Amino acid sequence: VVAVVGCNEGEFPRVPPPKVAQAARDAALAEEARLFYVAVTRAQARLVLTCARARPPRPGHDSRAAPPARFLHWL
């Protein structure tokens with residue numbers, strides 16, 4: 001059984017800050033895509049993917065969660 005928790009856009013894949021160079025951002029996204037692929041292909045009996053509908057309120061942050069991650073559209 002493999003569980004991937006937090007499959008919300010911006011969380012997984014984690015979005016680097018805007019000040020990071022575009023090449024580094026692309027490399028980070030490619031690495032997260034690879035990790036997602038490994039998780040999905042390792043599941044033998046069951047694959048569990050979750051994403052949040054809401055987040056606990058934090059100062060300066062919206063309590064609404066981001067939409068589901070782009071990786072979920074691959075399935």
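Okay, ground rules. It's a predicted model, so local features need pLDDT of at least 70 and side-chain atom pairs count only at pLDDT 80 or more, while totals for chains, interfaces and linings use all residues. Residues are numbered from 1 along each chain as its sequence is written, and side-chain values use heavy atoms, with hydrogens and water left out.

Let's start with the core. The largest nonpolar core has nine residues: Val 2, Val 4, Cys 7, Phe 12, Ala 33, Phe 36, Ala 39, Ala 69 and Phe 71. By nonpolar core I mean a set of buried Ala, Val, Leu, Ile, Met, Phe, Trp, Tyr and Cys residues joined through side-chain atoms within 4.5 Å. Buried is under 20% relative accessible area, exposed is over 50%, and partly exposed is in between, using a 1.4 Å probe and protein chains only. Two elements, β1 (2-4) and α1 (22-42), each supply at least two residues of this core, and α1 gives the most, with three. Those labels are DSSP runs numbered from the N terminus: helices are H or I with at least four residues, strands are E with at least two.

Now, α1 itself. Its 21 residues should span 30 Å at 1.5 Å a residue, and the end C-alpha atoms are 30 Å apart, which agrees. The expected span there is 1.5 Å times one less than the number of residues. Glu 32, Ala 33, Phe 36 and Ala 39 are the buried ones in α1. Looking down the helix axis, the buried residues fall within an arc of 125°, so they line one face; that arc is taken over the directions from the axis to the C-beta atoms. Over on the other side, Ala 23, Tyr 37 and Arg 42 are exposed. And what sits over the buried residues? The cover includes β1 and β2 (47-49).

Glu 32 has a relative accessible area of 16%, so by the cut-off it's buried. Leaving aside neighbours within four places in sequence, Glu 32 is in contact (heavy atoms within 4.5 Å) with Glu 11, Phe 12, Pro 13, Arg 14 and Phe 71. Glu 31, also in α1, is partly exposed at 36%.

On to the rings. The count comes to one aromatic pair. The rule is that rings of Phe, Tyr and Trp (its six-membered ring) pair if their centres lie within 6.5 Å, with planes under 30 degrees apart called stacked, over 60 edge-to-face, and the rest tilted. Here the rings of Phe 36 and Phe 71 have centres 5.4 Å apart and planes at 25°, so the pair is stacked. Phe 36 is in α1 and Phe 71 in the segment after β2, so the pair ties together parts 35 residues apart in sequence. Phe 71 is buried, at 2%.

Last stop, Asn 8, in the loop between β1 and α1. Is Asn 8 buried or exposed? At 1% relative accessibility, Asn 8 counts as buried. A polar atom of the Asn 8 side chain lies 2.9 Å from the backbone nitrogen of Ala 52. Beyond four places in sequence, the contacts of Asn 8 include Pro 13, Cys 51, Arg 55 and Pro 67.

Technical notes. A polar contact is a pair of N or O atoms within 3.5 Å; within protein, one must be able to donate a hydrogen and the other to accept it, and residues adjacent in sequence count only if both atoms are side-chain atoms.
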